[in-house]
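Colleague: Please take me through the packing of this chain, one question at a time. Kindly give the cut-off for each term when it is first used.

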Amino acid sequence: MDFTIRKMQMEDIHQVQQVAKKSWNSTYEGIIPHEIQENFLNYAYNDAMMQKRLEGSFIFVSEVDRKIVGFANFSPVKEGREAELGAIYINPEYQGKGIGTALLKEGIKNLEGAKEIFINVEKDNQIGTTFYKAKGLEVDLSQYFGH
């Protein structure tokens, strides 16, 4: 499958919101009640919040046939040379095709000076936990929802 990775642009907001919703609903089905999912998505991925993320962090998107199918959101490098992978979501039908790995690599490549990258994973998120462990990353299994 051919896909491209690039920095997110303002005009990508709507498609990124759709990816977040679709992958959240799929990942957390039976783990987090639907109403709580919707409340979180409406807060964390509304237009104003997306614009804030775009201006204050690194967001990379993956496209297949000019359609966004995944994204990753990294915080800027802080003092102590730490950064955070706040979100990485791929539409369910595109998972397992190397897109998440490519997004992760692109983020790491662009985090100049980062010594450590932190990831929070909801404790029952088996998809995320398996992905990060397969990449050789240590997973901090949080009791709360990620970003």
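Colleague: At what angle do the axes of α1 and α3 cross?

Modeller: In this predicted model, local features need pLDDT of at least 70 and side-chain atom pairs count only at pLDDT 80 or more, whereas totals for chains, interfaces and linings use all residues. Helices (H or I, at least four residues) and strands (E, at least two) are DSSP runs, numbered from the N terminus; axes are lines fitted to C-alpha atoms, for helices over the stretch in contact, and angles run from 0 to 180 degrees between N-to-C directions. The axes of α1 and α3 come within 11 Å, and their crossing angle is roughly 105°.

Colleague: What does that angle make α1 relative to α3?

Modeller: Angles under 35 degrees count as roughly parallel, over 145 as roughly antiparallel, 65 to 115 as roughly perpendicular and the rest as oblique. The crossing is at roughly 105°, so relative to α3, α1 is roughly perpendicular.

Colleague: Which residues of α3 make the contact with α1?

Modeller: Residues are numbered from 1 along each chain as its sequence is written, and side-chain values use heavy atoms, with hydrogens and water left out. Contact means heavy atoms within 4.5 Å. On the α1 side the contact is made by I13, V16 and Q17, and on the α3 side by D47, M50 and Q51.

Colleague: Within what arc do the buried residues of α3 fall?

Modeller: Buried means under 20% relative accessible area, exposed over 50% and partly exposed in between, with a 1.4 Å probe and protein chains only. In α3 the buried residues are M49, M50, R53 and L54. They line one face of the helix, because the arc (that of the directions from the helix axis to the C-beta atoms) within which they fall is 140°.

Colleague: Which residues of α3 are exposed on the other side, and what covers the buried ones?

Modeller: On the other side of α3, the exposed residues are D47, A48, K52 and E55. The cover over the buried residues of α3 includes α1, α2, β2, β3 and β4.

Colleague: How wide an arc do the buried residues of α2 cover?

Modeller: In α2, Q37, E38, F40, L41 and A44 are buried. They sit on the same side of α2, because their arc around the axis is only 165°.

Colleague: Which elements are included in the cover over the buried residues of α2?

Modeller: The face of α2 turned away from its buried side carries the exposed residues E35, N42 and Y43. Over the buried residues of α2, the cover includes α1 and α3.

Colleague: Is L85 buried or exposed?

Modeller: L85 lies in strand β4. L85 and F74 are 11 residues apart in sequence and 4.5 Å apart in space, C-alpha to C-alpha. With a relative accessible area of 2%, L85 is buried.

Colleague: Where are D65 and R66 found?

Modeller: Phi of D65 is near 50° and phi of R66 is near 60°, each a positive value in a residue other than glycine. D65 is exposed at 74% relative accessibility, and R66 is exposed at 77%. Both are found in the loop between β2 and β3.

Colleague: What pattern does the chain follow along the sequence?

Modeller: The chain has five helices and six strands. Of its 147 residues, 44% count as buried. Read along the sequence, the pattern is β-α-α-α-β-β-β-α-β-α-β.
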